[in-house]
Amino acid sequence: MPGRAWTSGLTRWGVVLIVILITLAPVVWVLSLSFKPPQEWLAYPPTLIPRQPTLENYLVLFWPGNPVGVVSEMVRTAEPVTRAFINSLIIVPISTALSIVIGFLAAYGISRFGAGGNFLPFSVLTTRMFPPIAFAVPLLVYYRSLGLIDTHLGLILMYTTFTLAFSLWMIKGFIDGIPRHIEEAAILDGASRWRVMFTITLPLIRGGLAAAALFVFIMNWTEFLFALIFTSRFAVTLPVQVSRYAGAVGRYYGPQAALGIVASIPVLIAGYLIQRYLVRAFTFGLVK
Amino acid sequence: MAYKEQALIRLEGITKEFNGTIAVQDMNLEVQEGEFLCFLGPSGCGKTTTLRMIAGLERPTRGEIYLRGQRITDWPPQRRNIGFMFQNYALFQHMSVYDNLAFGLRVRRVPPAEIERRVRAVAQALELETVLNLRASRLDLSTMQRVALARILVIEPQVLLLDEPLNNFRPGLRELMRAELKRWQYQFGRTMVYVTHDQEEALTLGDRVVVMNAGRIEQVGTPDEVYWRPATLFVASFIGRPPMNLISVEYRISEGHALLSSLDFELRVDERRGIIEASRSLPHLILGIRPEQLQISDPQAPSPGDLVRIPVKVDLIRPLGRKLILDLKTRSGLLIQMVTPSTRRFTVGDDLEIVFHPHQALLFDPQTGQGLY
């Protein structure tokens, strides 16, 4: 028996290890790439550990004009990423918060009162059924006449709208899981519906909200298509900035990788901060 | 009618429909101040719906609800000051026991010192002082139940509504908690309306029992009344374990006597002739007799001649410790159950003669289901 337990433990860890390797392989590759000088970007055979590691890819993100080496020369005309970073840090948290707040209110109405009829939850999903590019042209026309192109507000509205379906469905699932009796008990205790929503239901689905918020945050943080089409200078976000590191001869993989790593840091921090809620969200079925 | 003592709660012609299906139909009922009223019926009979309408969680499709003579049909639940204990207790899992108890008082903007005093008082009465700081999600079932009760009591409601609160307990504990509940009712002296599908619970706890079936009230009465004088066939067959023996009989007049006869026995019912003849489905009637009213006749000491005698064969013996249940087959193949002290030994196949007093037999109209009294 001990022998069997030992092998089954080994198998389990083996499987976990393989999954981790597959999942993290691109991350590891990007991380390694971000420290490589240009001659190693496309070297064959590839190197995992850079032979001549350098920080230049990172430095040029913030000080592109500062002549340190060959990479600075390539990206001489690029803007510092500071602006894109700040833009993303404005647009993404605000649109995520809006999406979650509106999503919670809408999900509550749908879950508890069947607001909007049976078809509403489904029809909300239609915004995610079309290829996003299908919306681009009509929206471009609207945005031009409204003066929303290349503005924070323009992207905030767009991100809120496009993630709403997602947060609504996810949060609705969590609200559906809260027994009505708990809310009714609070109502019989004299609490108003709003009070029940915010002091009973909301705390009970905190983990679910955190999970939804994290996913929406990631979706917005990495959104590329709309940001590319609807911004040009002022409201450029990080994913667009990544695409800017390219020249006539090809892409500048080093700075792109470095920016990818830098851009992932806020998400990692956000994920770390809310992970204790996430665990609760995934063990949610235990609340009966 | 003179203004008699006002009922605490009065339901007038209450009907509730859900998408065309009728859950409760034309219900009239009064709940008296201080009484323990039990709703008893199979699941889906509308008893919980009735409770929810009293609480204001459902709005009746038709009919009116009065609280101390005041019409409250349109009042939101928040305004009614009614305590409701849910089947799963519906505690606020994310709060401490203290906060659970204080919730209703905080909502009512009771001053903090007063909240503290009332919560402590109720916690003391229900022995919850040691768990006040625990999270509600970490309690065991019987503590949860006490917290649920305390949470209701602390707001000093007009009436306590309890929806199958003992359902989650395993059988042994269930009886213990039943006794606790009864003790609490004495202790707090509050009006309680209690929903259950467990007849023993209803008969032990209730001052009065409302037997419901398919959205209608079958009978309202004391536990004795519903047990010994069931108003309908449904009540007769639903209450009692093992159930009442229900036997088809025919009514006829022979030599000036009113007789009920089945394939196996005959009895004279001269004194009930008037009542019987008012029945519309004559000559067919149903005779009901409780298993514990049947006795085994003793050949050594002949019993009085007016007893009904039925020769039977023992078909199955089910010992229950002090008592045992005998399944008996009559000559015509009819199954009769009786309960008898286990002092005597029986074997399957024994020939016996069982007897009962004619006046113990209950009669029902098979078409309307109504008892003939």
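This is a predicted model: local features need pLDDT of at least 70, side-chain atom pairs count only at pLDDT 80 or more; totals for chains, interfaces and linings use all residues.
**Stop 1: the contact between chain A and chain B**

Show both chains and select the residues where they touch. Chain A contributes 19 residues to the contact and chain B contributes 21 residues. Together the two chains bury about 1,800 Å², with 63% of that area coming from carbon and sulfur atoms. On the side of chain A, pick out His181(A), Leu188(A) and Asp189(A): these supply 38% of the area that chain A buries against chain B, more than any other three residues.

To see it, select Glu184(A) and Arg52(B), whose side chains meet at 2.6 Å, N to O.

Now colour chain A by secondary structure. Two elements, α9 (180–188) and α10 (193–204), each give two or more residues to the side of chain A that touches chain B. Of the elements there, α9(A) gives the most, with seven residues. By class, this side of chain A has 10 nonpolar, four polar and five charged residues.

**Stop 2: helix α9 of chain A**

How many of its nine residues are buried? Seven are, so that the helix is mostly covered. The buried residues are Ile182(A), Glu183(A), Glu184(A), Ala185(A), Ala186(A), Ile187(A) and Leu188(A). Two of these have already come up: Glu184(A) as the partner of Arg52(B) in the salt bridge, and Leu188(A) as one of the three residues that supply 38% of the area chain A buries against chain B. Step past the end of the helix to Gly190(A), which follows α9(A) and has a positive phi, near 105°.

**Stop 3**

Where they touch, domain 1 of chain B gives four residues and domain 2 of chain B gives five residues.

The area buried between these domains is about 430 Å², and carbon and sulfur atoms account for 54% of it. Select Tyr227(B), Trp228(B) and Pro230(B) in domain 1 of chain B: they lose the most area to domain 2 of chain B, together 96% of what that side buries. What classes of residue make up the side of domain 1 of chain B that touches domain 2 of chain B? That side has four nonpolar, no polar and no charged residues. Zero salt bridges are found across this interface, while two residue pairs are in polar contact, both residues of each pair being at pLDDT 80 or more.

**Stop 4**

Over all chains the count is 34 salt bridges. For a linked group of them, select Arg174(B), Arg178(B), Asp198(B), Glu200(B) and Glu201(B), which form a network of salt bridges.

Begin with Asp198(B) and Arg174(B), where the closest N and O atoms are 3.7 Å apart. Asp198(B) lies in the loop between β8 (192–196) and α7 (199–205), and Arg174(B) in helix α6 (residues 171–188), so this pair ties together parts that are 24 residues apart in sequence. Both ends are buried: the relative accessible area is 14% for Asp198(B) and 12% for Arg174(B).

Asp198(B) also meets Arg178(B) in a salt bridge, at 4.0 Å, N to O. Arg178(B) lies in helix α6 of chain B and Asp198(B) in the loop between β8 and α7, so here the parts tied together are 20 residues apart in sequence. Arg178(B) is buried, at 8% relative accessible area.

Finish with Glu180(B) and Arg183(B), a salt bridge with its closest N and O atoms 2.9 Å apart. Both residues lie in helix α6 of chain B, three residues apart, about one turn of the helix.

Conventions. Residues are numbered from 1 along each chain as its sequence is written. Chains are lettered from A and ligands numbered from 1 in the order in which they are written. Side-chain values use heavy atoms; hydrogens and water are left out. Contact means heavy atoms within 4.5 Å. Buried area is the accessible area (1.4 Å probe) that two parts lose on being put together, summed over both. Helices (H or I, at least four residues) and strands (E, at least two) are DSSP runs, numbered from the N terminus. Ala, Val, Leu, Ile, Met, Phe, Trp, Tyr, Cys and Pro count as nonpolar, Asp, Glu, Lys and Arg as charged, and the others, Gly among them, as polar. Buried means under 20% relative accessible area, exposed over 50%, partly exposed in between (1.4 Å probe, protein chains only). A polar contact is a pair of N or O atoms within 3.5 Å; within protein, one must be able to donate a hydrogen and the other to accept it, and residues adjacent in sequence count only if both atoms are side-chain atoms.
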